[in-house]
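Colleague: I would like to learn how to read the features of a model like this one. Please take them one at a time.

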Amino acid sequence: LIDQQAWQAKHHYQQGLAVEPNQISAWINLAQAEIRLEDFPSAYASADRACRLDPKSREALFNRAVAARAMERVDLAEADYRNLLAIDPPYQPAVINLANLLRSVGRASEAGMLLQNGASLWPEDATLLFAWGSFLQEE
């Protein structure tokens with residue numbers, strides 16, 4: 001049922017974008033539907049289109065990074081997460097995803113510093129605190 005809904009959403013976003021191709025939110029939503037369908041090349045392209053329309057769009061950069069990571073394009077994913085954090089430093093999903101990405105490519109100390117800094121800067125963000133605690137427990 002979920003895949004059916006994602007396919008329908010993808011279809012309708014594509015139809016709407018054929019009429020109004022500069023709708024950033026539609027490109028972002030299309031990318032999210034494509035991520036849900038695990039169509040990562042299409043998701044990357046849709047998120048990239050949204051990024052070209054608004055280079056500072058948090059959602060567009062995040063979706064593009066997620067799609068790049070899923071395609072094992074670590075360089076592209078890292079660049080987007082870092083750009084996103086330059087625009088919106090407290091964006092916790094980007095902090096956590098970048099830390100996970102860095103850790104997965106053998107850069108655990110850098111990942112740890114990122115999580116530690118995040119937990120220090122935002123001590124009331126439970127998700128960041130849990131991620132930092134998990135990191136410490138596993139290292």
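Modeller: Start with the naming of elements: helices are DSSP runs of H or I with at least four residues, numbered from the N terminus. Helix 6 in that numbering is followed by G106, whose phi is positive, near 85 degrees. Keep in mind throughout that this is a predicted model.

Colleague: How many helices and strands does the chain have?

Modeller: There are eight helices and zero strands. Along the sequence the pattern reads α-α-α-α-α-α-α-α. The C-alpha atoms fill a box of roughly 50 × 30 × 30 Å along the principal axes.

Colleague: What share of the residues counts as buried?

Modeller: The cut-off comes first: buried means under 20% relative accessible area. By that test, 41% of the 139 residues of the chain count as buried. The chain exposes about 7,800 Å², and carbon and sulfur atoms supply 52% of that area. As for contacts between residues at least 6 apart in sequence, 46% of them join residues at least 24 apart.

Colleague: How do I check the length of a helix, and what span should helix 6 have?

Modeller: The expected span is 1.5 Å times one less than the number of residues. Helix 6 has 13 residues and should therefore span 18 Å; its end C-alpha atoms are 18 Å apart, in agreement. Helix 2, residues 24-36, also has 13 residues. From first C-alpha to last, helix 2 reaches 19 Å, close to the expected 18 Å.

Colleague: What comes just after helix 2?

Modeller: E38 does, with a positive phi of about 60 degrees. Within helix 2 itself, the buried residues are A26, W27, I28, L30, A31, A33, E34 and I35.

Colleague: Which residues of helix 6 are buried, and which helices do they pack against?

Modeller: Q92, A94, V95, I96, L98, A99, L101 and L102 are buried in helix 6. The buried residues of this helix pack against helix 4, helix 5, helix 7 and helix 8.

Colleague: How many residues are in the largest nonpolar core, and which elements contribute to it?

Modeller: That core has 39 residues, and Y81, L98, L114 and L115 have the most contacts inside it. Two or more residues each come from helix 2, helix 3 (40-53), helix 4 (58-70), helix 5 (74-87), helix 6 (92-104), helix 7 (108-121) and helix 8 (126-138). Helix 6 gives the largest share, seven residues.

Colleague: Why is the pair of W132 and F135 classed as it is?

Modeller: The ring centres of W132 and F135 are 5.8 Å apart and the planes are at 15 degrees, so the pair is stacked. Both residues lie in helix 8, three residues apart, about one turn of the helix. W132 is buried at 17% relative accessible area, and F135 is buried at 8%.

Colleague: Where does D88 lie, and is D88 buried or exposed?

Modeller: D88 lies in the loop between helix 5 and helix 6. Its relative accessible area is 17%, so D88 is buried. The side chain of D88 makes a polar contact with the side chain of R58, at 2.8 Å.

Definitions and conventions. Residues are numbered from 1 along each chain as its sequence is written. This is a predicted model: local features need pLDDT of at least 70, side-chain atom pairs count only at pLDDT 80 or more; totals for chains, interfaces and linings use all residues. Side-chain values use heavy atoms; hydrogens and water are left out. Buried means under 20% relative accessible area, exposed over 50%, partly exposed in between (1.4 Å probe, protein chains only). A nonpolar core is a set of buried Ala, Val, Leu, Ile, Met, Phe, Trp, Tyr and Cys residues joined through side-chain atoms within 4.5 Å. Contact means heavy atoms within 4.5 Å. Rings of Phe, Tyr and Trp (its six-membered ring) pair if their centres lie within 6.5 Å; planes under 30 degrees apart count as stacked, over 60 as edge-to-face and the rest as tilted. Accessible areas come from the Shrake-Rupley method with a 1.4 Å probe; for residues, only the protein chains shown count as cover. A polar contact is a pair of N or O atoms within 3.5 Å; within protein, one must be able to donate a hydrogen and the other to accept it, and residues adjacent in sequence count only if both atoms are side-chain atoms.
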